[in-house]
Amino acid sequence: MKEKQKRLSILSNLEEFAFYGLPDFDSAQRHQYLAFEPQEWNLIESCSSLHAKVYCALQIGYFKAKNAFFKFSLHKIPQADVNFIITRYFNTQTLSAFTITRYEQYFQRQEICRLSGYRLWSNDFLPEIYDRSKMIVRRDIAPNFLANELLSFLKSQKIVRPGYTTLQDIVSNVLTQERNRLKLKLQGCLTESHKKSLDQL
C-alpha cells in the first residue's frame with residue numbers, strides 16, 4: 001500500500017480505466033469484439049480445453065477493444081461476456097473456472113500479437129522508450145502529458161503497453177533526469193554574482 005502511494009500519479013482515474021481497465025461491453029460491442037475471423041477461431045480451437053478456449057476468446061475480444069492483455073478469473077469478468085461466448089460458440093457447455101497454465105496464457109498472447117501485428121512489451125523496448133521520452137519531456141514536463149504521449153507512441157509502433165506501474169516508473173525516471181539536466185544547465189549559466197543574489201532570496 002505504501003509503495004502504491006509513493007508512485008507518481010500520471011493518469012486520471014478515467015484515463016487509467018480507459019487504458020488499463022477491463023472492457024465494459026454492451027450488447028452491440030459483444031457482437032462486434034467477440035466475433036472472430038477464421039485465423040482467430042483457429043487459434044481458439046487449437047486450445048487444449050474448454051477453459052482455455054473461452055479464456056482465449058475473451059483475450060482476443062478484449063485485445064481488439066483495448067490493445068492490451070488482462071489477467072482475470074472467471075469471477076472477475078462480466079458474466080455476460082462469458083455467457084455470450086459459451087452460448088454462441090460452445091453449445092451452452094458448463095464452465096466452472098479458468099484452469100489454464102501460464103504457458104497457455106503466454107502462448108495465447110504471443111499468437112494474438114502475431115495475428116494483430118503487435119509486439120509484446122518487454123524491457124528490450126526501454127532504451128527506445130527513454131529516447132522518445134527525452135524528446136517529449138522538453139515540450140512539457142506534466143506527468144499526464146508525458147504518459148499520454150508515450151501511450152500514443154507505443155500504439156503507433158504496435159507495441160503492447162507495459163503495466164501501469166512500469167509506465168509510472170518510466171515517467172518518474174524521465175522527469176527526474178530532465179530536472180537534473182535543467183539544474184546542471186542552469187548552474188553552468190549562473191555567475192557567482194547570480195548565485196549570491198539567489199542565495200540572498
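First, the ground rules. The model is predicted, so local features need pLDDT of at least 70 and side-chain atom pairs count only at pLDDT 80 or more, while totals for chains, interfaces and linings use all residues. Residues are numbered from 1 along each chain as its sequence is written, and side-chain values use heavy atoms, with hydrogens and water left out.

I start with helix α5, residues 50–66. Helices here are DSSP runs of H or I with at least four residues, strands are runs of E with at least two, and the numbering goes from the N terminus. The expected span is 1.5 Å times one less than the number of residues. For the 17 residues of α5 that gives 24 Å, and the end C-alpha atoms are 24 Å apart, which agrees. Buried means under 20% relative accessible area, exposed over 50%, and partly exposed in between, with a 1.4 Å probe and protein chains only. In α5, 14 of the 17 residues are buried, so the helix is largely enclosed by the rest of the structure.

Asparagine 67 follows α5 and sits in the loop between α5 and α6. Its phi is positive, about 50°, although asparagine 67 is not a glycine. Asparagine 67 is buried, at 17%.

Next, aspartate 81, in helix α6, residues 79–89. How buried is aspartate 81? Its relative accessible area is 0%. Two polar contacts matter for this talk. A polar contact is a pair of N or O atoms within 3.5 Å; within protein, one must be able to donate a hydrogen and the other to accept it, and residues adjacent in sequence count only if both atoms are side-chain atoms. The side chain of aspartate 81 makes such a contact with the side chain of arginine 30 at 2.7 Å, and another with the side chain of tyrosine 62 at 2.6 Å. Taking contact as heavy atoms within 4.5 Å, and not counting residues up to four places away in sequence, aspartate 81 touches Phe25, Arg30, Leu34, Leu58 and Tyr62.

Alanine 35 is partly exposed, at 27%. Leaving out residues up to four places away in sequence, alanine 35 touches Arg30, Glu40, Lys64 and Tyr89.

Glutamate 104 lies in α7, residues 102–116, and counts as buried at 16%. Beyond four places in sequence, glutamate 104 touches Ser48 and Ala52. Serine 133, in α8, residues 126–136, is buried at 0%. With the sequence exclusion of up to four places, serine 133 touches Leu146, Leu150, Ile170 and Val174.

Lysine 158 is another non-glycine with positive phi, about 55°. It lies in the loop between α9 (143–156) and α10 (164–189) and is partly exposed at 36%.

Last, the largest pocket, at about 340 Å³. Of the 13 residues that line the pocket, the closest to its centre are Phe69, Arg109, Arg161, Pro162 and Gly163. On a 1 Å grid over the protein atoms alone, a pocket is an open set of points where a 1.4 Å probe fits, with protein on both sides within 12 Å along at least five of seven lines; lining residues have an atom within 4 Å of a point. The volume is the space filled by probe spheres set on the points, which are joined across faces, edges and corners.
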